[in-house]
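Hi,

Here is the structure I said I would pass on.

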Amino acid sequence: MTTQSGNGIRVGVGLPSAVPGAAGELLGAWAARAEAGPFASVGVLDRLAYDSYDPFVALAAAAATTRRVRLVTMVVIGPLRNTALLAKAAASLDALSGGRLSLGLAVGARHDDYVAAGVPHRDRGARFSAQLAALRAQWEDGRFGPRPARPGGPELLVGGQSDDAFVRVARYADGYVHGGGPPRAFARAADRARAAWTDAGRPGGPRLWGQVYFALGDAAAEAGARYLLDYYAFTGPFAQRIAAGLLATPQAIVQTIRGYEDAGCEDLVLLPTVADPEQLDRLADVVA
Amino acid sequence: MKVLIVGGGPAGLYCGLLLKKAAPAHEVTVVERNPPDATYGWGVVFSERTLGALADADAKTARAITDRFVQWDVIDIRYRDTAIRCGGQVFAGISRKTLLGILQRRCDELGVRLRFRTEVADVPDREEADVVIAADGVNSAIRQRLARQFRPAIREGRCRYIWYGTDRWLDAFTFVFRETDAGLLQVHAYPFDGTTGTFIVECDEPVWRRAGLDRMSEAESIAYCRELFAPELGGRRLLSNNSKWIRFGTLVTARWWHGRVVLLGDAAHTAHFSIGSGTKLAMEDAIALARALEQHRDPQAAFAEYELSRRPVVEAFQQAARESQAYFEDLRRYLHMDPPQFAFHLLSRSGRMTYDALQVRDPHFVDRVNRWFAAAATGAPTTASGPVVAPPPMLAPLRLRGLALANRVVLAAGPGTAEGEGIPGPAFRRRVADLAMVGPGLILTGPVAVEPDGRITPASPGLYAAAQRDAWAGVAASVRERSAARLAVTLNHSGPRGATRPRAEGLDRPLREGAWPLVAASAVPYAPWSAPPRAMDRRDMDRVRDAFAHAAVLAAAAGIDVLVLQFGHGYLLATFISPLCNRRDDAYGGDLDGRLRFPLEVLDAVRAVWPADRPLAVAFTADDCAPGGLAREDAVETARRFHAHGADLIQPLAGQTMPDAGPAYGRGFLTPLADLVRNEARVPVLLAGYLVTTDEVNTALAAGRADLCLVDPPHLRARPEQDSRTAEPKVGTTFR
């Protein structure tokens with residue numbers, strides 16, 4: 001297989017903001033350490049009904065301790081949030097980080113997050129489309145600040161696996177953020193995103209972001225698998241698949257990075273499953 | 001653990017023996033309502049891969065099966081008095097009776113209890129069974145008991161078929177297509193032991209009635225088929241096993257397990273017989289379920305694991321089977337094809353067999369297709385005296401009126417950005433010139449406006465002024481100087497999608513300043529946030545029609561080779577065609593005739609001024625991807641009308657009629673639509689649905705699903721012309 005992007009791939013790392021029990025002061029420090037390492041971005045997940053930090057607050061902590069890395073949400077569950085407040089949070093983070101935000105949004109897979117937020121689960125797709133249209137409008141018309149660092153607002157990514165998700169990527173977004181899995185799964189999703197993009201008459205191609213879970217070291221791999229079984233318990237037995245896909249060796253990591261690169265991924269974020277900064281150093285060693 | 005398996009078919013017996021073998025302590029019982037030697041159906045088919053899976057699961061059974069099966073590696077296609085062979089398709093058949101015997105003996109050997117002539121219509125008590133495996137077939141009584149939990153749905157096909165045996169020796173899997181006064185009947189026949197074969201006869205419902213088969217007795221039906229297929233049967237018999245003409249029902253169930261009960265094989269799902277995988281899927285289910293029960297103490301965890309691992313595989317087969325079934329239901333659409341193309345189309349019908357795959361399996365077959373294609377492409381005789389050396393279909397020429405395209409590959413120049421007033425900009429001109437160098441037959445531009453108000457964005461290229469004509473002449477000349485490629489320009493009027501901002505950050509975002517008034521068939525805004533258009537009056541229509549014709553005159557003078565009229569994707573002309581956008585109550589709305597009236601006026605006006613030796617194409621949305629959109633038969637009729645009015649090529653599109661309604665995007669997402677339009681309307685088709693590889697292009701062309709293919713290899717993808725984010729320095733790690 002040949003490299004499709006021809007541009008190489010940038011590797012980022014996740015904050016442990018959705019690993020239960022991660023200490024508050026760890027997030028900023030983690031980001032600073034990532035910035036000092038070979039990473040292009042730091043990423044966060046979003047989950048309401050779980051022991052996890054709010055994605056914007058976590059990235060604000062990261063913004064305060066870094067100057068270079070991109071800050072990416074993968075993804076924020078858009079329809080859970082009031083659109084004007086979401087636009088404001090994103091614009092604020094973009095402004096205070098000097099334009100480093102990549103805002104990944106999707107409808108999410110969990111019903112209980114909607115229940116917890118008191119937001120209807122039905123029609124979330126249609127509300128999400130309207131939200132995507134409104135976000136850009138609020139950033140651009142500048143009726144209230146802060147002004148995002150770039151006139152059009154932060155880089156906007158849409159995630160999801162439904163046919164509608166790819167229509168939204170082509171209509172509203174700058175690119176697609178994949179939900180994780182082997183390179184083969186990413187390649188199929190990237191094809192769908194490119195097909196929709198070209199058909200819509202957008203110039204160039206969609207930005208393509210990927211994510212995978214890692215844990216380096218035997219004890220970490222065990223703890224990481226336990227975490228994934230818990231985090232994805234709502235998927236039923238599929239959680240076992242996800243846990244089995246955990247990248248637990250340097251070999252698995254470099255092969256996966258290569259596979260994503262061959263499939264045209266531009267930015268791949270490796271998400272930690274253990275809130276131990278040593279994981280970051282081990283990963284830096286593999287990636288450098 | 002006590003396991004009760006209801007149904008002693010291949011799936012039930014096989015699952016029973018695998019369970020007992022893995023855990024001899026289990027008490028495994030198979031109950032079957034028929035006696036041990038009763039059977040329905042004739043033979044079953046396995047692929048090489050299934051045989052491998054069987055060998056892994058239980059070597060002894062697999063050996064017994066391979067000792068008894070017959071193998072073939074050829075598919076014979078008998079059509080229009082010719083027989084085409086395609087090799088390299090390794091399959092094995094075995095008599096269902098023999099298979100059941102092998103499985104019953106192995107069950108006995110391992111200590112599985114077999115109880116025949118026992119009916120189980122309800123879920124037994126917990127004392128009787130910890131686990132109940134419903135392997136009682138498509139009409140599963142157990143599943144019906146729990147229908148509310150399993151939520152089964154059966155969709156019946158449109159064809160009638162009957163399952164005969166024959167004592168004719170068949171040397172290959174054989175398809176027969178026979179035209180009669182009543183219509184077309186087809187046969188799927190294959191050998192399954194040394195002396196007998198399965199012989200399935202199929203036809204669509206009207207043919208079945210016209211032939212009188214609906215009123216015939218069993219014997220009369222056999223006599224009819226025997227006479228009709230006398231050449232294939234060679235005087236041998238057709239055997240009936242209480243065979244009836246039925247319709248195939250595809251079963252899907254929302255869940256495969258509930259409580260202690262789990263569905264297996266046909267009780268959970270069926271797939272049309274034409275891809276021959278019913279028994280294969282059932283036996284693979286048995287392997288997966290037995291393995292899961294071995295691994296998990298908790299049966300429900302095992303059931304969940306079983307469903308999780310099998311459902312994607314089964315759904316993929318059901319999808320392929322549905323496509324194969326649809327092919328046989330719509331077979332009449334393809335009877336205009338010459339035998340080599342007909343055969344290729346048949347073999348590639350379910351999307352799993354491609355040009356490259358067939359090349360590996362049988363190069364002679366593919367060579368025959370290549371030679372036929374090359375001959376047909378150049379108008380040479382397609383018989384034995386045709387070309388001896390032929391390129392793959394992708395590299396065959398195409399003649400459209402006076403234009404000869406060197407090959408069938410089209411590359412897209414992308415939307416393009418204008419400088420000044422609608423003049424194609426330098427980046428766009430460079431892009432076109434670069435593309436000409438990589439060997440396409442044709443280069444296709446994005447939408448070019450026919451009047452200032454027809455632009456999509458202020459930076460849309462146009463073709464309505466002398467300066468634009470001269471710039472386009474330069475683009476056309478740069479292509480001709482460099483290559484044998486030709487240039488096609490897409491003429492468009494944006495209608496309700498006009499006056500928007502550049503598309504770098506999204507579609508259909510209205511201009512803040514300098515917006516121009518929009519027009520459409522009716523005053524319906526494109527998106528909720530779009531400016532409302534004015535419904536066109538006759539003066540607007542005259543102006544737009546004349547603008548298209550004027551653009552065609554300028555294009556002719558500029559040396560453009562092909563014009564594509566954009567009548568789709570929610571732009572102006574599309575708003576007339578789609579019932580979702582056209583709410584007019586005058587002569588330009590209402591039924592299809594009314595809705596096509598204005599688009600045809602535009603087409604006629606362009607055709608009248610466009611040189612007679614240059615081809616004209618129409619792109620239109622043949623599927624709105626939304627409820628209430630253009631009906632399928634209307635889409636076909638629309639393509640026919642455009643062709644009758646002088647469109648030499650049709651480019652079918654899908655979606656974008658409404659902002660959030662689109663097709664299921666992916667590789668080849670427009671191929672089925674292209675196949676429908678090309679073969680139902682019998683018009684040449686340009687397929688532009690994200691084909692990426694030469695294999696995809698060759699497959700679509702060889703099968704007659706398209707005549708020209710737009711290909712979009714990632715390495716040729718244009719970088720955005722202006723994008724602040726690519727201009728940024730890249731930071732972080734770059735691999736290699």
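How much area is buried between chain A and chain B, and what share of it do carbon and sulfur atoms give? In this predicted model, the buried area comes to about 4400 Å², with 48% of it from carbon and sulfur atoms. Chain A puts 53 residues into the contact and chain B puts in 49 residues.

On the polar side of that interface, there are 18 residue pairs in polar contact between the two chains. The elements of chain A that give two or more residues to the side touching chain B are S1, H5, H6, H7, H9 and H10. H7(A) gives the most, with 7 residues. The salt bridges between chain A and chain B number 5. One to click on is Arg171(A) with Asp508(B), at 2.9 Å from N to O.

Now for chain A itself. Its strands S1 to S8 form a closed barrel of 8 strands, in the order S1-S2-S3-S4-S5-S6-S7-S8 and with parallel pairing. From one strand to the next the twist averages 25°. As an example of the pairing, S2 (residues 41-44) and S3 (residues 70-77) of chain A share 4 bridges in the parallel sense, and Val42(A) has Leu71(A) as its bridge partner in S3(A).

Two helices of chain A are worth a look as well. H3(A) (residues 83-96) lies across S3 and S4 of chain A and runs at about 155° to S4(A). In H1(A) (residues 24-36), the buried residues include Leu26(A), Leu27(A), Trp30(A) and Ala34(A). Among the elements covering the buried residues of H1(A) are S1, S2, H2, S8 and H11 of chain A.

Over all chains, the salt bridges come to 66. Some in chain B link distant parts of the chain:

- Lys60(B) and Glu109(B) come to 2.7 Å between their closest N and O atoms. Lys60(B) is in H3(B) and Glu109(B) in H4(B), 49 residues apart. Lys60(B) is partly exposed at 43%, and Glu109(B) is partly exposed at 48%.
- Asp338(B) and Arg80(B) meet at 3.2 Å, N to O. Each sits in a loop, and they are 258 residues apart.
- Asp171(B) and Arg85(B) also form a salt bridge, at 3.2 Å from N to O. Asp171(B) lies in the loop between S9 and S10 of chain B and Arg85(B) in S5(B), so the pair ties together parts 86 residues apart in sequence. Asp171(B) counts as exposed because its relative accessibility is 56%.

There is also a salt-bridge network in chain B that links Glu156(B), Arg160(B), Glu205(B), Arg209(B), Asp214(B), Arg215(B) and Arg247(B).

Cheers

Note on methods. Residues numbered from 1 in each chain as written. Chains lettered and ligands numbered in written order. Predicted model: local features only at pLDDT ≥ 70, side-chain atom pairs only at ≥ 80, totals over all residues. Heavy atoms only, no water. Pairing = 2+ DSSP bridges. Axes fitted to C-alpha atoms, helices over the stretch in contact; angles between N-to-C directions. Contact = heavy atoms within 4.5 Å. Buried < 20%, exposed > 50% of the residue type's maximum accessible area, 1.4 Å probe, protein only. Buried area = accessible area lost by both parts, 1.4 Å probe. Salt bridge = Lys/Arg side-chain N within 4 Å of Asp/Glu carboxyl O. Polar contact = N/O pair within 3.5 Å; in protein donor to acceptor, adjacent residues only side chain to side chain.
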